Amino acid sequence: LSQIASLYDLRIVGNSGGSVASTTLTKARGWAMGLADEWGMVYDANRSCEPTEGPGSAGGEEDDGDTTADMQTKDASRSSTPIPTLKSILEAALPTFLFVCISLRLMNTWGTWGRSDGEEETTCIWDNSGEHNNEQFTPMSIVTFALQHIVIGTTCCITAATSRSSSSSASGSNDSSGDQSTLLMSATIAGVLASASASQSSVTPSSIGGGGALAGLVAGAFLPFVLAKVSNLCFRHHVTATMTNILCGGGVGMFVGLLMHLSGVAQLLSLLTGMIRSMLRWTRFVLPEDGGRIPIPWLAGFIFQILRDLQRLWTKSFSRPPFVPYESPILQVQGWQCGSQPMPVPIGLGFLHGCIFVYGSKVGWYHSLFLPAILLEMDSAPIGQEASLFGAIDECTLVMVCAGICVGNLVLPPSSTKQKNQTREKGKGGMASLSWQALKTNILCGDFIEAAYPSMERSAIINGFAYVAAGLSTEILLQRRVLSTAYMPLFVAIWLSNDRWGMGIACFVAFVVSLCGSLVANAISIRRP
C-alpha cells in the first residue's frame, strides 16, 4: 500500500495502515467506511446487501423498485428471527455440564490429592476452615478448580454471545457484532473473568456456594451489544483494523468481565445459583453475615436474615413425628459431604415430586423448568456432589419408568381387535419396534422417554402405575438426597451418584413398578373380548 501510494501520488483514506491481528471483515468494513466518507456517501455496516433483478440480470427484466409494502414484508421477515432465550442457551451447554461432572467424579474417585494418609474420602478440599489451605495449589487442585468454577461459566458466555450475535445478524438488527473470531476472543475473556468473580462466593467461609453459569450467560448476552457499539465507533473514526481488533477482541471482553465483577452482579448471580441448589436439594443455606460485594448490601443482609429465620422455622416444624420418616436404612441420608446440612423432608413430599415430574414432562415443563434447574444445580457443586438431585429424579421417573413400560410391551404385547389373531414376535409391528428402540436408548443413552406416552395414553392402568413408580422412587431419592443425572448409560448414572446403593434401589423400584403396570394392562387387553 505504501509503495503504490508513493509511486502514483495517491492519498490514503479511511483506516488503512494496519493489518496485524485484523480479519478480512474488519479491513473490508474499514475500507468501505473510508471510501464512503471520501465520496460523500453513507455506509451502514449493519445493513446486508440483497441481490436485485435489473437490466443486467439473468432474467433481463427491469426492477421497478420495492414498494413500501414489499419493504415492510422484508423487514418483518428479517425481524421475525427469534433471539435465543438464556434458558435455551443454558440447555445448549448440557454437554459441558455432563463431562465436567464426569471429569470431577473421576478425579474425586481415583485421585489421592488433597488427602493425607488415612484421611477419609469424604473430606472436602475446599473447606477453608480445614487444614488443607497450604495444599490447595497442587496441579490437580488447580485443574479441579478450573473445571468446577471456570469452564462452565466460560462455555455459557461463549454460547450466549455467539447465539445472540448470530440471531441479531440474521434478523437485521443494528447490534451485529462483527466476525466470529473477534467475538470468540472477547467472549472467552469476559467468561473467564465473570466466572472467576462468581467463584469468590463459592470458596469463602460462610457461603452457600454458587456457580458461574448465570454470570456467563448474562455477560455473553450483554457482550455483542457492547462489541457492536465499539466496532461501529472505531469504523466511524477511522481507527486502523489492527487497533479495532485489539479493542474489540481484548478490550471489550475485559470491560464486560470487569463490569460483572466490580458491579457485584457476578457474585449476586452466584449466590442465586447456590440458593437454587440448596432449595432443590433441601439443604440449609449457609449465607454470609452481610451483603458482601453485591448490589445494595444492606438489602441483601435483610433478605439473608429472613431466609435464616424461615430455615429455623421449617426445621423446628418438620423435625419431629409424624413428619419425619421412620428409622429405616432405605430412607436415611447417605454419602453427604463437604459440610452440607440436609433439612428435614416430610414423608410424601418425594412422592409428590415424582408425580409432578411425570405430569410436567407431558405438558412442557421439562425444558422450561426441570432441565434448567438440573444444570444450575450441577454448576460449581462441591466435590463429591457434582451430579444433581433433579437429575436423579429425571433418570428414575422418566427414563426408568419408560424402560419398564417398554419391557412390558415386549414381553406381553398389547392386544386389540385387529391384532387378536396375529402372531406376536419381537420386531413385528410399530409398538414392538418403538419399545425395542426406546429400551435401548433408555438404558444406553438415558433419553427417548417420549416412547412411553402412547402406552400411558392408551391405558389408565399403565398411566397410574407410572405415577406410582415415579412417586416411590423419588421418595427414596429425596429422603436419601441421591444425586445423579440422565443422558448417560444406566451404569454411568449409578456410578456418578453420591449414593450408588440408593440410586440403584430407586431405579429398580421405578423399573419394576412400571413393568408390572404394563404387564397387567396388556394382560387385561388380551383377555378383553
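**Briefing: helix packing and a surface nonpolar patch**

The model is predicted. Its protein chain holds 19 helices and zero strands.

**Nonpolar patch**
- The patch lies on the surface and consists of Leu 352, Ile 356, Tyr 359, Val 363, Trp 365 and Leu 369.
- Together these residues have about 540 Å² of accessible area.
- Two helices, H12 (349-363) and H13 (365-378), each supply at least two residues of the patch.
- Tyr 359 is located in helix H12.
- Tyr 359 counts as partly exposed because its relative accessibility is 42%, between the limits of 20% and 50%.

**Chain overall**
- Of the 529 residues in the protein chain, 48% are buried.
- Among contacts in the chain with a separation of 6 or more, 76% join residues 24 or more positions apart.
- The chain has an accessible surface of about 25,700 Å², and carbon and sulfur atoms account for 64% of that surface.

**Thr 154**
- Thr 154 sits in helix H6, which spans residues 139-170.
- With a relative accessible area of 9%, Thr 154 is buried, since the cut-off for buried is under 20%.
- Beyond its neighbours within four places in sequence, Thr 154 is in contact with Thr 188, Gly 191, Val 192 and Ser 195.

**Helices H7 and H8**
- H7 (residues 180-199) packs against H8 (residues 213-236) at an angle of about 145°, and the two axes are 9 Å apart.
- The crossing of this pair, H7 and H8, is right-handed.
- On the H7 side, the residues that meet H8 are Thr 182, Leu 183, Ser 186, Ala 187, Ala 190, Ala 194 and Ala 198.
- On the H8 side, their partners are Ala 215, Ala 219, Leu 223 and Leu 227.

**Helices H14 and H19**
- The axes of H14 (residues 389-411) and H19 (residues 500-527) come within 7 Å and cross at roughly 35°.
- H14 and H19 also pass in a right-handed crossing.
- Residues of H14 that make the contact include Ala 392, Glu 395, Cys 396, Met 400, Gly 404 and Gly 408.
- From H19, the contributors include Met 503, Ala 506, Cys 507, Ala 510, Phe 511, Ser 514 and Asn 522.

How values were computed. Residues numbered from 1 in each chain as written. Predicted model: local features only at pLDDT ≥ 70, side-chain atom pairs only at ≥ 80, totals over all residues. Heavy atoms only, no water. Patch = residues over 30% accessible without salt bridge, like charges linked within 9 Å, V, L, I, M, F, W, Y side chains within 5 Å. Areas by Shrake-Rupley, 256 points an atom, 1.4 Å probe, with all protein chains shown as cover. Salt bridge = Lys/Arg side-chain N within 4 Å of Asp/Glu carboxyl O. Helix = DSSP H or I, 4+ residues; strand = E, 2+ residues; numbered from the N terminus. Buried < 20%, exposed > 50% of the residue type's maximum accessible area, 1.4 Å probe, protein only. Contact = heavy atoms within 4.5 Å. Axes fitted to C-alpha atoms, helices over the stretch in contact; angles between N-to-C directions. Left-handed = near helix turned anticlockwise from the far one by under 90°.
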